[in-house]
Amino acid sequence: QEPSQTRTWWPRSASAREGTASNFSLRSLAGGSFSVTEAEEALTSSDALCPSLTLRQRIVGWLTCFGLGVLLELTGFGRGIHALVGGEKGAERFAILYSLGNFLALVGTLFLAGPSRQLRRMGREKRWLVSLCFVCSMFLTLLVAFLPGQWHGRTLILLLLVLVQWAALIWYTLSYIPFGQRTALAALRGCWSRCLGE
């Protein structure tokens, strides 16, 4: 029987299983000292983005990208309201800001998980389709927004693509919560039944 190990918040890595990773104290980040034997190895391996960065620097990088992404999305909401009343330029700016915000937030996760690990997570059985929808809708949103000229239906297409981005991101997030997607589906079915009066 293997000796008991301290439960950690980071996924177990190969070198940690072999006992080569050292303990790391997050006293300054979490207000206490606890063992995270796999955390430092996972964040400084060749799979990680910028392996020379420390754990704190990676967390700061992730929070910076996430904060800038949220700021861009909040900035674009005013343009989105203007787009709903017929402003095509407002729709373009809203779609661009929202998409860039999502892109920055996605880039921020690479500081924690690393490009290869993040791609593996996104490519798992229950996530690959929604991940593909999210990335494709983000790319198509920027493509349509930057297309020259004005044409009929452009505002509607941009708003629909943004909606697809939002729905895909929510569904992807729910995949990390136990029974999250199943619970969300049950709630949606219940709302639909009530709307139909069943």
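Among the contacts in the chain with a separation of 6 or more, 62% are made by residues 24 or more positions apart. The model is a predicted one, and its secondary structure comes to nine helices and zero strands, so that the order of elements from the N terminus reads α-α-α-α-α-α-α-α-α. Of the 198 residues in the chain, 33% are buried, while the accessible surface comes to about 12,700 Å², with 66% of that area belonging to carbon and sulfur atoms.

**Nonpolar cores**

- The largest nonpolar core holds ten residues in all, namely A91, F94, A95, I96, Y98, V144, A145, L158, L161 and V162.
- Two or more residues of this core come from each of the elements α5 (88-113), α7 (128-146) and α8 (154-174), and α5 gives the most, with five residues.
- Another core, which lies apart from the largest one, consists of six residues, and M122, V130, F134 and A168 are among them.

**The largest pocket**

- The volume of the largest pocket is about 720 Å³, and of the 25 residues that line this pocket, A105, T109, L169, Y172 and T173 are the closest to its centre.
- At least two residues of the lining are supplied by each of α4 (55-84), α5, α6 (115-122), α7 and α8.

**N102 in helix α5**

- N102 has its place in helix α5 and counts as buried because its relative accessibility is 3%, which is under the 20% cut-off for that class.
- The side chain of N102 makes a polar contact with the side chain of Q165, at 2.9 Å.
- When neighbours within four places in sequence are left aside, the residues in contact with N102 are E73, F134, M138, Q165 and L169; of these, F134 is also one of the residues of the six-residue core, and L169 is among the residues closest to the centre of the largest pocket.

- I59 and L112 are 53 residues apart along the chain, yet their C-alpha atoms are separated by 7.0 Å.
- W62 likewise has its place in helix α4, and at 27% relative accessibility W62 counts as partly exposed.
- W62 and L110 stand 48 residues apart along the chain, with a separation of 7.8 Å between their C-alpha atoms.
- Leaving aside neighbours within four places in sequence, W62 is in contact with G108, T109, F111 and L112; T109 is also one of the residues closest to the centre of the largest pocket, and L112 is the residue whose C-alpha atom is 7.0 Å from that of I59.

**The loop between α8 and α9**

- S175 is found in the loop between α8 and α9 (180-196), and this residue counts as buried because its relative accessibility is 18%, a value under the 20% cut-off.
- The side chain of S175 makes a polar contact with the side chain of R127, at 2.9 Å, and a polar atom of the S175 side chain lies 2.5 Å from the backbone oxygen of Y172.
- Not counting residues up to four places away in sequence, S175 touches R127 and Q181.
- Y172, whose backbone oxygen lies 2.5 Å from a polar atom of the S175 side chain, is also among the residues closest to the centre of the largest pocket.
- F179 has its place in the loop between α8 and α9 as well, and here the relative accessibility of 57% means that the residue counts as exposed, since it is over the 50% cut-off.
- The phi angle of F179 is near 60°, a positive value in a residue other than glycine.

Key: Residues are numbered from 1 along each chain as its sequence is written. This is a predicted model: local features need pLDDT of at least 70, side-chain atom pairs count only at pLDDT 80 or more; totals for chains, interfaces and linings use all residues. Side-chain values use heavy atoms; hydrogens and water are left out. Helices (H or I, at least four residues) and strands (E, at least two) are DSSP runs, numbered from the N terminus. Buried means under 20% relative accessible area, exposed over 50%, partly exposed in between (1.4 Å probe, protein chains only). Contact means heavy atoms within 4.5 Å. Accessible areas come from the Shrake-Rupley method with a 1.4 Å probe; for residues, only the protein chains shown count as cover. A nonpolar core is a set of buried Ala, Val, Leu, Ile, Met, Phe, Trp, Tyr and Cys residues joined through side-chain atoms within 4.5 Å. A polar contact is a pair of N or O atoms within 3.5 Å; within protein, one must be able to donate a hydrogen and the other to accept it, and residues adjacent in sequence count only if both atoms are side-chain atoms. On a 1 Å grid over the protein atoms alone, a cavity is a set of points where a 1.4 Å probe fits but cannot get out, and a pocket is an open set with protein on both sides within 12 Å along at least five of seven lines; lining residues have an atom within 4 Å of a point. Grid points are joined across faces, edges and corners, and a volume is the space filled by probe spheres set on the points.
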